[in-house]
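This briefing is meant for a reader who is meeting the structure for the first time. Please keep the sequence and the model in view while going through the points below.

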Amino acid sequence: MLTKSHLTFGTSQRFVYLLHRHLSTKKSDEYNHLKPSILPTDHFQYSLPRLPIPKLELTCERYLSAVKPILNDDDKAYEQTRQFVDDFRSGDGKRLDAQLRQKNASNRNTSYISKPWFEMYLKSRLPLILNFNFFLVFTDDQQNLKPAARITNYIISSVRFMNSLRANTLDPEVYHLNPKKTNNDKFRKYLRYVPKRITFYGAVLQKVYPLDMSQYSRLFNSTRIPQVDCDILQTDAKNVRHIMVLKRGHYYKVNILDENGQLLPAEKIAAIMKYLCEDLNDEENKYPLGYFTADKRDRWAVVRDHMEKLSQHNKQVFKEIDSSIMVVCLDEDDPSKLHKNLTKEQRARYISGKYLCYNASNRWYDKSFNMIMLSDGTLGLHCEHSWGDGVALLRFCNDIDQNVNEHHKINSSNYQSIQSSTHDQVKKLEFQFDDKLKQELQTSKQNYDDFVSKFNVNIYQEGVLGKSILKKSALSPDAIMQIGIQMAYYRMYQRFVSTYESCSTAVYKHGRTETIRPVTNETKAFIEALTKSKDKQLLKDLLKKAAEKHQQLIKEAATGQGFDRHLFALKYLQQIENQEQKLHPIYTDKSYQLMNHTILSTSTVASKHIAAGGFGPVVNDGFGIGYLIDDEQCGLLVTSYMQKELDQYMQAAMESYKDLANIIKA
């Protein structure tokens, strides 16, 4: 018979057990996840508005307005284009637009641009590097950790992000017009009680704009698989516990989750990465497949198919790489090329090249992203572009960098005491080759060497202009950066050319991007006046008009009211879906060809977590221009296949921003 004291003791034991279990579970959740959001990740997804299709009349007018300045006073060409546009809006264009709207009305779960845009990427047979993929580099390590220690923290934070995303506890992605007022827990708690079907509009009433998060599911366990004619995107997270680590062109399957899907202890992951970074000393892989992933897509598709048919083993190795949570590339840099005595410009050029296209033997360009660690601790991502846009990648980078800075598990002190070990979690994967594949690899390597040998990169970064002075002058920083880009080109060639600025339409369900066309009649008038007048007030007035026009174009693009995607979708209908024998002349016209031969391809990144971002030029005679501006300085990272012209452009850009600063400060 149990006494009262026995009963009390038993109850106490149970309470202590349950308390210990609760605290252990909470501690495990804190380690495996980011801080849970007050709002579910998908809180706004159901109520996002649909991407609007602009009125055909407005699309035609906007197109004509954008074409005029890049025709450089060729009135005959403009008149021909105007006639084609008039015919289009009353004929084929009207018919195709009605068809597009009907299709859009019957397919309400997505946007009208989603399918054509995915196919635009996936059907391209060009190499991914330089043509499509882009890079982002994190700011320097605040702790100055050893590379193995730093990459450990970023792996852990990446998995935390992934787990939170899949648990629906990641903070929804929103844009705050007034963050001091709305970016707080009180506002989130208010939105929690707004019904999901109208929660987007509840947020907008407070000047908060929720963004589409449908792309995020492709961040992890995902890859682009080459196939003849059209690639496919594949995501496979079932029972996957591993990341793929690349070193010296070899592939190492590294389990970072236990059998229950929980992160291994940080010290154990650090020990594994210490082994891989510092002790693993395999010779260079003679047959690294990274060169295939950098080649033309049909060629890679045929090679991969041959490899899978060669053996079941190869098929399994591909599956391990394709399904891995992420790819981590450990680079070993030549000390004569990457060292502390490099100038800011020399270091930026070297790092940009590494993240954008160099060292293909130690990359897998098909993955959603490659996380690349250079030997000096520089860390960043090389990103495949078809599955998603900069918004998703930037959010990922911001969150994991902040999490590492605030909640890192490995520091310089505890790292010193960690012993290098595989902990039986590392497995080297090797493909089986036949003589045909070895020859094919040599061909792909030669193709790669020939391609990247033409690549050049340069940077401009000066304190001549910043947001602070532009705010005082009520001028848009983005507009001024774009005008400087135009001025630099005009200095060299005395003409205006097709320019592309990417603008996210993520405020809409399955929105991708719209194009801002920065070359306007107002920009043209200002730049031409620079060579004809020294009247500072006149120039100021013209600059203000050009900047205001640019701001108008930004608002139109962000709200789905550009013209590029609409015309693209109508062309897709006529050419691909309807398979009509003849395209309307608007699409074969010299002006449309000129508009889509993008000489100046531009994009900007604004984040305190990102030191640099960039991409390749779109055409052989063009420039790829990543730009940024903060409170006190502005900068460009410019790529080109033309070395001499690139150097000239950088000099022209430097002079242009100085001129702009003088006009604004006058």
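What follows is a short account of some helices, the packing between them, and a few residues in loops and helices.

The model is a predicted one.

**Helix α19 with helix α25**

- The crossing in which α19 passes α25 is right-handed, and the contact is made on the α19 side by I480, M481, I483, G484, I485, M487, A488, Y489, R491, M492 and Y493.
- On the α25 side, the contact with α19 is made by E645, Q648, Y649, A652, A653, E655, S656, Y657, D659, L660 and I664.
- Sorted by kind, the residues of this contact between α19 and α25 comprise 15 nonpolar, three polar and four charged.

**Helix α21 with helix α25**

- The axes of α21 (residues 536–558) and α25 come within 9 Å and cross at roughly 110 degrees, and the two helices are therefore roughly perpendicular to each other.
- Here L539, K540 and L543 of α21 meet L660, I663 and I664 of α25, and the residues of the contact divide into five nonpolar, no polar and one charged.
- L660 and I664 of α25 are listed in the contact with α19 and also in the contact with α21.

**Helix α19 with helix α21**

- Between α19 and α21 the packing angle is about 110 degrees, and the axes are 9 Å apart, which makes α19 roughly perpendicular to α21.
- The crossing of α19 and α21 is right-handed, and the contact is made by D478, A479, I480, Q482 and I483 of α19 together with L543, A546, A547, H550 and I554 of α21.
- In this contact of α19 with α21, the residues divide into seven nonpolar, two polar and one charged.
- I480 and I483 of α19 take part in the contact with α21 and are also among the residues of α19 that contact α25.

- The buried residues of α10 are A266, I269, A270, A271, I272, M273, K274 and L276.

**L310 in helix α12**

- L310 is placed in helix α12 and is partly exposed, with a relative accessible area of 35%.
- Apart from its neighbours within four places in sequence, L310 is in contact with Q432, F433, D434 and L437.
- The C-alpha atoms of L310 and I155, which stand 155 residues apart along the chain, are separated by 34 Å.

**Residues in loops**

- G249 lies in the loop between β6 (242–247) and β7 (250–255), and at 0% relative accessibility G249 counts as buried.
- Setting aside neighbours within four places in sequence, G249 is in contact with E284, N285, P288, S361 and N362.
- Although G249 and W364 are 115 residues apart along the chain, their C-alpha atoms are separated by 9.7 Å.
- N72 is in the loop between α2 (56–70) and α3 (75–90), where N72 is partly exposed with a relative accessible area of 28%.
- The phi of N72 is near 50 degrees, a positive value in a residue other than glycine.
- Q494, in the loop between α19 and β13 (499–504), has a positive phi of about 55 degrees although Q494 is not a glycine.

Conventions:
Residues are numbered from 1 along each chain as its sequence is written. This is a predicted model: local features need pLDDT of at least 70, side-chain atom pairs count only at pLDDT 80 or more; totals for chains, interfaces and linings use all residues. Side-chain values use heavy atoms; hydrogens and water are left out. A crossing is left-handed if the near helix is turned anticlockwise from the far one by less than a right angle, and right-handed if clockwise. Helices (H or I, at least four residues) and strands (E, at least two) are DSSP runs, numbered from the N terminus. Contact means heavy atoms within 4.5 Å. Ala, Val, Leu, Ile, Met, Phe, Trp, Tyr, Cys and Pro count as nonpolar, Asp, Glu, Lys and Arg as charged, and the others, Gly among them, as polar. Axes are lines fitted to C-alpha atoms, for helices over the stretch in contact, and angles run from 0 to 180 degrees between N-to-C directions. Angles under 35 degrees count as roughly parallel, over 145 as roughly antiparallel, 65 to 115 as roughly perpendicular and the rest as oblique. Buried means under 20% relative accessible area, exposed over 50%, partly exposed in between (1.4 Å probe, protein chains only).
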